[in-house]
Amino acid sequence: MPHDLMSQLDAAARSTGFSGVVRIDRPDGESESRAYGWADRARGQAMTVDHRCGLASISKGFTALAVGALVDDGLLSLDSPVRPVLGDDLPLVDDAVTVGQLLSHTAGIGDYIDESAGGDINDYVVDRPLHLLGTTEAFVPLLDGRPQVSPPGSTFAYCNSGFVVLALVAERASSLTFHDLVEQRVLGPAGMVSTGYPRTDEISGDTALGYLEEAGDRTNALHLPVRGNGDGGAVGTVADLAAFWSALFAGRVVTLPTLQALTEPVSHVEGDHMRYARGFWRGWSSQTVLLEGYDAGVSGRTWHDPASGVTGSVVANTSNGAWPVLEALSWA
């Protein structure tokens with residue numbers, strides 16, 4: 001069956017005009033990667049398996065693990081209220097909101113990107129100049145003034161603001177910048193040598209451009225903060241994602257008890273037919289652990305199935321390109 005996965009994904013990629021990279025890793029050490037489409041359409045640069053692609057909210061897993069590393073250090077706990085760390089900032093965040101609730105999207109705080117409002121993935125949704133959003137502290141005015149939408153701990157509501165707040169809390173607890181913390185405690189230990197948070201105006205030649213549509217040259221450059229943060233925005237390779245899962249389940253990023261706490265399901269999310277833990281998705285009834293990203297010019301999913309030992313990634317450099325490919329597989 002693991003060998004059939006690549007055949008299924010490849011057939012779906014070819015039939016849908018997919019642009020991006022697919023990789024499958026098997027427990028026997030065998031891996032297979034395939035690239036499709038264009039990394040840079042205007043210059044005719046074909047996608048390769050070594051291109052760095054936008055990861056969008058896949059990056060939320062890195063934020064969760066950075067927080068988990070501070071839990072291991074005793075600087076935070078899942079039950080820690082965030083108000084003492086926030087101080088006078090973000091006064092509309094309820095005093096009862098905890099680190100664990102932010103990780104599980106159950107904190108109920110207002111979101112600077114209101115996904116419940118509908119609209120198209122390619123809409124311009126950030127109401128602050130994107131070039132100002134280069135640090136975690138720079139997000140504070142964007143997060144401010146948004147009232148609680150539900151009592152802390154009462155309901156699941158996917159919230160990007162919550163993960164930026166986590167980045168802010170992690171910075172203040174560790175005395176490191178969010179980007180340095182993730183590099184030192186997550187990316188480095190996982191051996192993710194090609195993953196990081198480059199500025200959108202300083203991308204390298206091996207980074208695929210993100211496209212809004214399946215045809216045309218319009219990119220997502222004016223849709224994203226100039227530097228990604230706690231809620232998303234990293235770029236990386238599928239080889240790095242494979243290394244990530246291997247290191248994670250070997251206990252090289254956080255301790256295994258912390259990993260169990262981060263991946264233990266908290267909510268059943270009916271609309272997505274998946275469960276949510278703390279920074280990680282889970283299969284509806286399977287033990288599969290997933291990270292998923294969806295943004296203007298980016299779509300993708302990476303996963304590890306503990307039952308089979310198989311790890312996989314499908315990352316597209318278009319807004320919706322990954323989903324028709326992923327439909328070839330069952331995520332129950």
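Predicted model: local features only at pLDDT ≥ 70, side-chain atom pairs only at ≥ 80, totals over all residues.
If we skip its neighbours within four places in sequence, Phe62 is in contact with Leu55, Val182, Val186, Leu187, Met192, Thr195, Tyr197, Ala234 and Phe244.

Now, where does Phe62 belong? It is part of the largest nonpolar core, which has 89 residues. Phe62 is among the residues that touch the most other members, together with Leu65, Phe244, Phe280, Trp303 and Val314. And which helix gives the most to this core? That's helix α6, residues 160-174, with eight residues. As a bit of background, nonpolar side chains in soluble globular proteins tend to be buried together.

Okay, on to the charged residues. How many salt bridges does the structure hold? There are 16. Side chains of opposite charge can pair when their charged atoms come close.

Here are a few examples. Arg199 and Asp201 form one, with their closest N and O atoms 2.9 Å apart. Arg199 is partly exposed, at 30% relative accessible area.

Next, Arg278 and Glu264 pair up at 3.8 Å, N to O. This pair links distant parts of the chain, 14 residues apart: Arg278 sits in the loop between β8 and β9, and Glu264 in the loop between α9 and β7. Is Arg278 buried or exposed? Its relative accessibility is 17%, so Arg278 counts as buried, whereas Glu264 is partly exposed at 44%.

Finally, salt bridges that share partners join Asp10, Arg14, Arg26, Glu30, Glu32 and Arg34 into one network. Inside it, Arg26 bridges to Glu32, with 3.6 Å between the closest N and O atoms. Arg26 is buried, at 6%, while Glu32 is partly exposed, at 25%.

Terms used. Residues numbered from 1 in each chain as written. Heavy atoms only, no water. Core = buried A, V, L, I, M, F, W, Y, C linked by side-chain atoms within 4.5 Å. Buried < 20%, exposed > 50% of the residue type's maximum accessible area, 1.4 Å probe, protein only. Helix = DSSP H or I, 4+ residues; strand = E, 2+ residues; numbered from the N terminus. Contact = heavy atoms within 4.5 Å. Salt bridge = Lys/Arg side-chain N within 4 Å of Asp/Glu carboxyl O.
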